[in-house]
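Me: I would like to go through the terms used for this model one by one, and to see each value set against its cut-off.

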Amino acid sequence: MRMDVLVALSADDGDGGREVGALVARSTPTGGVALEVGPADGPPLVRFAFTVAEATRLQFAVEAIINGRDEEILMADD
């Protein structure tokens, strides 16, 4: 799993953060999954790159939270 910060993010934007208007999931040329986070009307602020195995584990972690678990931890592949 990799995270690329695509813009300079200052700590004092808004109330300590930025509004997220869109999450875009797309396939990558290497067969993985990229998840881009940012405004709905502009370029992404952050991109997460997952292998298929990591994306599958993320899916199960989110489903567990939806189904009532309090917390799930996703460890990155080595």
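Me: What is the order of the strands in the open sheet, and how do they pair?

Reply: This is a predicted model, in which local features need pLDDT of at least 70 and side-chain atom pairs count only at pLDDT 80 or more, while totals for chains, interfaces and linings use all residues. Residues are numbered from 1 along each chain as its sequence is written, and side-chain values use heavy atoms, with hydrogens and water left out. The four strands of the open sheet follow the order β1-β4-β3-β2, with antiparallel pairing; strands here are DSSP runs of E with at least two residues, and helices are runs of H or I with at least four, numbered from the N terminus. Two strands pair if DSSP finds at least two bridges between them.

Me: What makes β1 and β2 edge strands?

Reply: Each of the two, β1 (2-5) and β2 (22-27), pairs on one side only.

Me: Why is the pair of F48 and F50 called stacked?

Reply: A search of the whole structure finds one aromatic pair. The ring centres of F48 and F50 are 6.4 Å apart and their planes lie at 20 degrees, so the pair is stacked; the rule asks for centres within 6.5 Å, and it calls planes under 30 degrees apart stacked, over 60 edge-to-face and the rest tilted.

Me: Why is F50 called buried, and why does F48 count as partly exposed?

Reply: Buried means under 20% relative accessible area, exposed means over 50%, and partly exposed is in between (1.4 Å probe, protein chains only). F50, with 9%, is therefore buried, whereas F48, at 24%, counts as partly exposed.

Me: What makes the span of α1 close to the expected one?

Reply: The expected span is 1.5 Å times one less than the number of residues. Helix α1 (residues 52-66) has 15 residues and reaches 21 Å from its first C-alpha to its last, against an expected 21 Å.

Me: Which strands do the buried residues of α1 pack against?

Reply: The buried residues of α1, which are E54, A55, A61 and A64, pack against β3 (33-38) and β4 (46-50), where contact means heavy atoms within 4.5 Å.

Methods. Phe/Tyr/Trp six-rings, centres within 6.5 Å; stacked < 30°, edge-to-face > 60°.
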